[in-house]
Amino acid sequence: MRPWVDLREPAAPTDAARVRAMFLGVSTVLLTDGVNTVLTDGFFSRPHKLRVALGRLSPDHARVRAALERFRLTELDAVFVVHSHYDHALDAPLVAELTGARLIGSESTRNIAAGQGLAPDRFDPVTLGAPIRIGAFTLTALPAEHSPGDIAPGRIEEPLGSGRTTEFRTGDCYSLHVAHPDGELLVHASANWVPGALDGHRADTVYLGVGALGKQSEDFRDEYWHHLVTRTKARRVVPIHWDDFTLSLDRSPRPLPGVFDDFATTMEFLSRRSRTDRVELVLPVLGRRTDPFRP
């Protein structure tokens, strides 16, 4: 990460009564206004690559509890799962159970929750385009498409408490629009788009999924930027889903290995487009509280 150290997102003042955001790896993003708190995904187990390749995956309770304690996530109002691959949905039912949160997601995510024993009345299914009010936050799920090369497409049709990587199928894929009196933002985890899906929604800040973006063509990257950044009139872009999620959160985040992605190419592209379009580009720092709507 040394070449991009100057892009690190600054910490927010601790005394301001405004929305704060915190990047917690992959596409796990915490949003709080001091009264209500929302978390996307909540993936903390981060199993080793050998287990991902050869073993069965289940939540690592010790790692999840340690992360919740480390980042002081004692009470959450909602955990919203953007799709049902293991690096998004594996831990979400446990995080909801431990923090008292509602779990919001697709029918595939519901089946993971059922397999892990989360009470059915703790789960809320997504209705596309239907606003969900959580205090001053308004959450709206919009249709999205997984990035090219989906290794586990399809839906999870029955309860799944644990399983192999490819059993955690995508299910429905969402882009999460969040509105608050402080501003509007978008958490978009997968480097792809559905034409017109974000029409009518703007965002001051886009948490932009860039996993595998460096492996795509320049035309693909330009179109992705156009649909997610230009058309939402974003002023700031925060790349997410760039870190190697087979490494524990006890280690400093590092980009995905070159066989899966080309992070340098991604950053060169984002830097160039942000300069041309006068959009601020910042890299999130694990566990740092930031202001997504700062001037």
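Reader: Which residues of helix H5 (residues 107-115) are buried?

Author: In this predicted model, burial is a matter of relative accessible area, with under 20% as the cut-off. Within helix H5, which spans residues 107-115, the residues that count as buried are Ser-108, Thr-109, Asn-111, Ile-112 and Ala-113.

Reader: Against which elements do the buried residues of H5 pack?

Author: The buried residues of H5 include Ile-112 and Ala-113, and the partners of the buried set comprise both helices and strands. The elements packed against are H3, helix H4 (92-99), strand E5 (102-105) and strand E6 (123-125).

Reader: At the start of H5, which backbone nitrogen does a side-chain oxygen of Ser-106 reach?

Author: Ser-108 is one of the buried residues of H5, and its backbone also takes part in a contact at the start of the helix. A side-chain oxygen of Ser-106 comes to within 3.3 Å of a backbone nitrogen there, and that nitrogen belongs to Ser-108. Just after H5, by contrast, the feature to note is a backbone angle, a positive phi of about 90 degrees at Gly-117, whereas the nitrogen asked about is that of Ser-108.

Reader: Are the faces of strand E2 (residues 29-32) covered or open, and which residues lie on them?

Author: In a regular strand the side chains alternate between the two faces of the sheet. In E2, Val-29 and Leu-31 lie on one side and are buried.

Reader: Which residue of E2 does Met-22 stand opposite?

Author: Strand E1 (residues 20-23) runs antiparallel to E2 and is joined to it by four bridges. The two strands form a hairpin with five residues between them, and Gly-25 in the turn has a positive phi of about 100 degrees. Across this pairing, the residue of E2 that faces Met-22 is Leu-30.

Reader: Which residue of E3 does Thr-32 stand opposite?

Author: E2 is also joined by three bridges to strand E3 (residues 37-40), again in an antiparallel arrangement. This hairpin has four residues between its strands, with a positive phi of about 90 degrees at Gly-34 in the turn. The residue of E3 opposite Thr-32 is Thr-37.

Reader: Which residues are the closest to the centre of the second largest pocket?

Author: The second largest pocket holds about 380 Å³ of space. Its lining is made up of 21 residues, which by class are eight nonpolar, six polar and seven charged. Those closest to the centre are Thr-32, Asp-33, Gly-34, Thr-37 and Arg-289.

Reader: Which element gives the most residues to the lining of the largest pocket?

Author: The largest pocket, with a volume of about 710 Å³, is lined by 29 residues, and those nearest its centre are Asp-87, Ile-151, Phe-245, Leu-256 and Phe-260. Two or more lining residues come from helix H1 (49-54) and from helix H3 (86-89). By class the lining divides into 13 nonpolar, 12 polar and four charged residues. The element that gives the most, with three residues, is H3.

Methods. Residues numbered from 1 in each chain as written. Predicted model: local features only at pLDDT ≥ 70, side-chain atom pairs only at ≥ 80, totals over all residues. Heavy atoms only, no water. 1 Å grid on protein atoms, 1.4 Å probe; cavity = no way out; pocket = protein on both sides within 12 Å on 5 of 7 lines; lining within 4 Å. Points joined across faces, edges and corners; volume = space filled by probe spheres on them. Nonpolar A, V, L, I, M, F, W, Y, C, P; charged D, E, K, R; others polar. Buried < 20%, exposed > 50% of the residue type's maximum accessible area, 1.4 Å probe, protein only. Pairing = 2+ DSSP bridges. Contact = heavy atoms within 4.5 Å. Polar contact = N/O pair within 3.5 Å; in protein donor to acceptor, adjacent residues only side chain to side chain.
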